[in-house]
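Thanks, everyone, for making the time this morning. I would like to walk you through one model, starting with how its helices cross and ending with a few single residues.

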Amino acid sequence: IHTVLETFYRTWQEQGHQEVTEEQLDDAAALLYETAVIELEEFDAPGTPFHNRYMSALFDGLGDDPAGPGDPDGPPGLFRRFLEMETNLAATPARPVALEGHVGLNSRASDAPVLSESPVSLPGTTATLHGKIDRLDATPDNELVAYDYKTGSTPSEDDTLDGYAFQLPVYLLLAESASGSDPVGGSYYQVNPGESLSVHSGTIGAKEDAAHRTKRSAKLLRY
């Protein structure tokens, strides 16, 4: 699922788009359908009950081919709901700017965005960090919001702020050090086919604006 979403958005932007708007929803659905079919082909095991249920949970309501995966007239599956969530986010200031951005990694993938070739020093220590950031969005003022796509359970905001979960702070430290821009928030983008899709799981950001992505005019502030 991570690869499908990242490949979709990278291709979408290569075609000259930025975010996904209501007016572009049909075109985005067609591209996501095509991308998902290609990326998931290696996992194809038609005829098994698990396969059929899983493909329905992903593809329902997305494509228009009755012979393809999913039911075009079924209730929206994960991919369709993802696009609908993206149209909601299009009304906010931040836009996707890096998908699976690499920091301090020697990537051989020609399309992998390299935010920095050097690892990041961990403040107050001799340790360094390197890794991949699932998704970075930026506001017009170049403030950064980091997302970690999660198909499983997600840590809570308290888990992060109390020091029990490190992924979002590490993403933001990598992004800040690699770009020089100000990180203002992050959350887990929950994309579990069997659960409600959520872009606000475990949000860290300004206290008065924890759901920062839902307010177009709100100033994004560091916690």
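Let me begin with helix 2 and helix 4, whose crossing is right-handed, a crossing being right-handed if the near helix is turned clockwise from the far one by less than a right angle, and left-handed if anticlockwise. Before I go on, please keep in mind that this is a predicted model, in which local features need pLDDT of at least 70 and side-chain atom pairs count only at pLDDT 80 or more, while totals for chains, interfaces and linings use all residues. Residues are numbered from 1 along each chain as its sequence is written, and side-chain values use heavy atoms, with hydrogens and water left out. Helices and strands are DSSP runs numbered from the N terminus, the helices being H or I with at least four residues and the strands E with at least two.

The axes of helix 2 and helix 4 come within 10 Å and cross at roughly 140 degrees, where axes are lines fitted to C-alpha atoms, for helices over the stretch in contact, and angles run from 0 to 180 degrees between N-to-C directions. That makes helix 2 oblique to helix 4, given that angles under 35 degrees count as roughly parallel, over 145 as roughly antiparallel, 65 to 115 as roughly perpendicular and the rest as oblique. The residues that meet here are Leu25, Ala28, Ala29, Leu32 and Ala36 in helix 2 and Phe79, Arg80, Phe82, Leu83 and Thr87 in helix 4, with contact meaning heavy atoms within 4.5 Å.

Now to helix 1, residues 2-14, which has 13 residues and reaches 18 Å from its first C-alpha to its last, close to the 18 Å expected at 1.5 Å a residue; the expected span is 1.5 Å times one less than the number of residues. Which residues of helix 1 are buried? They are Val4, Leu5, Glu6, Phe8, Tyr9, Arg10 and Trp12, where buried means under 20% relative accessible area, exposed over 50% and partly exposed in between, with a 1.4 Å probe and protein chains only. These buried residues pack against helix 2, helix 4, strand 1, strand 5 and strand 6. After helix 1 comes Gly16, which has a positive phi near 100 degrees.

Helix 1 packs with helix 2 at an angle of about 135 degrees, their axes being 9 Å apart, and the two are therefore oblique to each other, in a crossing that is right-handed. On the helix 1 side, the residues taking part include Thr3, Thr7 and Thr11, and on the helix 2 side they include Asp27, Leu31 and Glu39. With helix 4, the axes of helix 1 come within 12 Å and cross at roughly 50 degrees, and this contact is made by Val4, Leu5, Phe8 and Tyr9 of helix 1 together with Phe79, Phe82, Leu83 and Glu86 of helix 4. Helix 1 and helix 4 are therefore oblique to each other, and here too helix 1 passes helix 4 in a right-handed crossing.

Turning to the sheet, we have an open sheet of six strands in the order 2-1-5-6-7-8, with mixed pairing, where two strands pair if DSSP finds at least two bridges between them. Strand 2 and strand 8 are the edge strands, each pairing on one side only, and the twist averages 40 degrees from one strand to the next. Strand 5 and strand 6 pair in the antiparallel sense over four bridges, with Arg135 standing opposite Tyr147 in strand 6. Helix 1 packs on the sheet by touching strand 1, strand 5 and strand 6, its direction making about 120 degrees with that of strand 1. Helix 4 also packs on the sheet, touching strand 1, strand 5, strand 6, strand 7 and strand 8, and its direction makes about 160 degrees with that of strand 7.

Strand 8 is mostly covered, six of its seven residues being buried.

Finally, two backbone angles: phi is positive in Glu100, near 55 degrees, a residue placed in strand 1, and in Asn142, near 65 degrees, which sits in the loop between strand 5 and strand 6.
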